[in-house]
Amino acid sequence: MSKKKKIIIGAVAVIMLSLAGLYVYLGGLNTIDISIQNVQGPYRIVGVDFEGRPTDKRVREYFFDFRERIEKGELKGRLTMVYFRDAETKRNEVKLFMCVILDEIPAEIPDEFRIMGVEVSEVVEARLEVHNIVMPSPESIEERMIAFAQNAGYTHQPISIEIYSPDNSVRVHIPLER
């Protein structure tokens with residue numbers, strides 16, 4: 001084997017080990033905890049509607065805008081995205097409400113925002129402590145959550161609620177019915 005081949009093989013091995021280490025560091029091996037939870041509902045949320053491709057720059061802009069408003073204390077609550085699933089949503093598009101679950105309703109709400117309530121009492125919850133880069137697809141997580149709820153004798157509402165924590169963990173809630 002030539003010296004050049006040995007160097008290439010060594011470099012590829014170092015890169016592969018580095019990528020594997022990064023995957024583990026970002027939480028790629030963390031399990032997703034799924035359970036049925038009782039929650040204090042209804043959720044009072046304030047935000048904006050969005051319909052379109054999930055890669056649209058407005059999704060990112062709204063996300064960081066809401067996170068900044070929470071950090072500044074303008075909105076007291078938890079950064080959230082509510083996804084609505086219906087037959088009218090086009091393929092590769094989402095219908096969502098980018099928002100904050102309010103701990104308290106503010107005295108003033110910007111004109112571009114609206115307040116909405118989501119009735120919940122029981123949810124199937126997935127807890128994810130993993131970076132977005134190595135997170136499983138939302139579809140695969142939801143499939144596992146729905147199967148878990150059905151095995152426990154529940155049906156689900158056609159929405160999912162992603163609640164982002166300051167520690168970068170995510171809780172996904174799907175409201176349930178008996």
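1. Basis of the note. The model is predicted, so local features are taken at pLDDT of at least 70 and side-chain atom pairs at pLDDT 80 or more, while totals for chains, interfaces and linings use all residues. Residues are numbered from 1 along each chain as its sequence is written, and side-chain values use heavy atoms, with hydrogens and water left out.

2. Helix H2. Helices (DSSP runs of H or I, at least four residues) and strands (runs of E, at least two) are numbered from the N terminus. H2 covers residues 57–71, and its 15 residues reach 21 Å from first C-alpha to last, close to the 21 Å expected at 1.5 Å a residue, where the expected span is 1.5 Å times one less than the number of residues.

3. Buried means under 20% relative accessible area, exposed over 50%, and partly exposed in between, with a 1.4 Å probe and protein chains only. Val59, Phe63, Phe66 and Arg69 are the buried residues of H2, and because they cover an arc of only 135° around the axis, they lie on the same side of H2; the arc is that of the directions from the helix axis to the C-beta atoms. Lys57, Arg60 and Glu71 are exposed on the other side of H2. The buried residues pack against strands S2 (43–52), S3 (77–84), S4 (94–102) and S8, a contact being heavy atoms within 4.5 Å.

4. The ends of H2. After H2 comes Gly73, which has a positive phi near 85°.

5. Salt bridges. A salt bridge is a side-chain nitrogen of Lys or Arg within 4 Å of a carboxyl oxygen of Asp or Glu, and the whole structure holds ten. Glu125 pairs with Arg127 at 3.1 Å and with Arg171 at 3.5 Å. The pair of Glu125 in strand S6 (residues 122–128) and Arg171 in strand S9 (residues 170–177) links distant parts of the chain, 46 residues apart, and both residues are buried.

6. Ser160. This residue of strand S8 (residues 159–164) is buried, with a relative accessible area of 0%. Leaving aside residues up to four places away in sequence, Ser160 touches several residues, including Met81, Tyr83 and His173.
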